[in-house]
Amino acid sequence: MPKPKRSNLLALAILSLLHERPMHPYEIGVTMRQRGLSDSIKLNTGSLYAVIEGLLKNNLIKSVGTEKEGRHPERTIYGPTEEGRAEFFDWLRSLLRLPAKEYPQFAAGLSFLAHLTPGEVLDLLAERAEALVKQIEETRSSMEATRSMGIDRLFVIEQEYSLALLEAERNWIHKLIKDIENGSITEKKDGKLNWALSFDFQG
């Protein structure tokens, strides 16, 4: 059977946790949330079980036993196969080694900035900067909560990266706002600021 496409990072997270120790799906979900992994990797119960099914079909994980706790239904415990371990390490190394072309929505919006008036752009950027401040505060709070549980920094390093990106974007937006306000972002044509391509496209 051909290898699954490396597009769903939830599969990588599952392989990572099962490399540490065998777990059942519920424990995988709990551990991801405790470590803040769900901040960088989309997680919900339905997708978790669907990805586990896919890993099973591709012989990347296998059932290694069952567990029964109280009145809870019996839970299947999974562990990685040798093929699954090899896939995990190869995938992980490629993510760290090779920059991937990504298509963030904010960059797409910036591409068409000239279709809006400077005043509207300033308002929208101010709103975004305010939202980023809240995200920064939430990320810091999440990091502190995670570390307070005794989890080593090495296992939550992705939160530091997320925080660095948020702070860098906030700082860049503040600079962009200043550049718009002082007119340095636009070119002068016939002594006048040439901001928009055309306002005829606006509804």
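Which helices do the buried residues of α6 pack against? In this predicted model, the partners are α2 (25-34), α5 (105-111) and α7 (157-182). The buried set of α6 consists of V121, L125, A129, L132, I136, T139, M143 and T146. An α-helix has 3.6 residues a turn, so residues three or four places apart point the same way. Helix α6 covers residues 118-148. Its 31 residues should span 45 Å at 1.5 Å a residue, and the end C-alpha atoms are 45 Å apart, which agrees. After α6 comes G150, with a positive phi near 90°.

Helix α4 was examined in the same terms. It runs over residues 82-97. At 1.5 Å a residue, its 16 residues should span 22 Å; the end C-alpha atoms lie 23 Å apart, in agreement. G84, E87, F88, W91 and S94 are buried in α4. Viewed down the helix axis, these buried residues fall within an arc of 140°, so they line one face of α4. The face turned away from that buried side carries E82, R93, L96 and R97, which are exposed.

Helix α1 (9-20) is among the elements that cover the buried residues of α4. Two packed helices are described by the angle between their axes and the distance between the axes. For α1 and α4, the angle is about 120° and the axes are 10 Å apart. The two helices are therefore oblique to each other. Their crossing is left-handed. On the α1 side, the contacts involve L9, A11, L12, L15, S16 and H19. These meet G84, R85, E87, F88, F89, W91, L92 and L95 of α4.

Notes: Residues are numbered from 1 along each chain as its sequence is written. This is a predicted model: local features need pLDDT of at least 70, side-chain atom pairs count only at pLDDT 80 or more; totals for chains, interfaces and linings use all residues. Side-chain values use heavy atoms; hydrogens and water are left out. Helices (H or I, at least four residues) and strands (E, at least two) are DSSP runs, numbered from the N terminus. The expected span of a helix is 1.5 Å times one less than its number of residues. Buried means under 20% relative accessible area, exposed over 50%, partly exposed in between (1.4 Å probe, protein chains only). Contact means heavy atoms within 4.5 Å. The arc is that of the directions from the helix axis to the C-beta atoms. Axes are lines fitted to C-alpha atoms, for helices over the stretch in contact, and angles run from 0 to 180 degrees between N-to-C directions. Angles under 35 degrees count as roughly parallel, over 145 as roughly antiparallel, 65 to 115 as roughly perpendicular and the rest as oblique. A crossing is left-handed if the near helix is turned anticlockwise from the far one by less than a right angle, and right-handed if clockwise.
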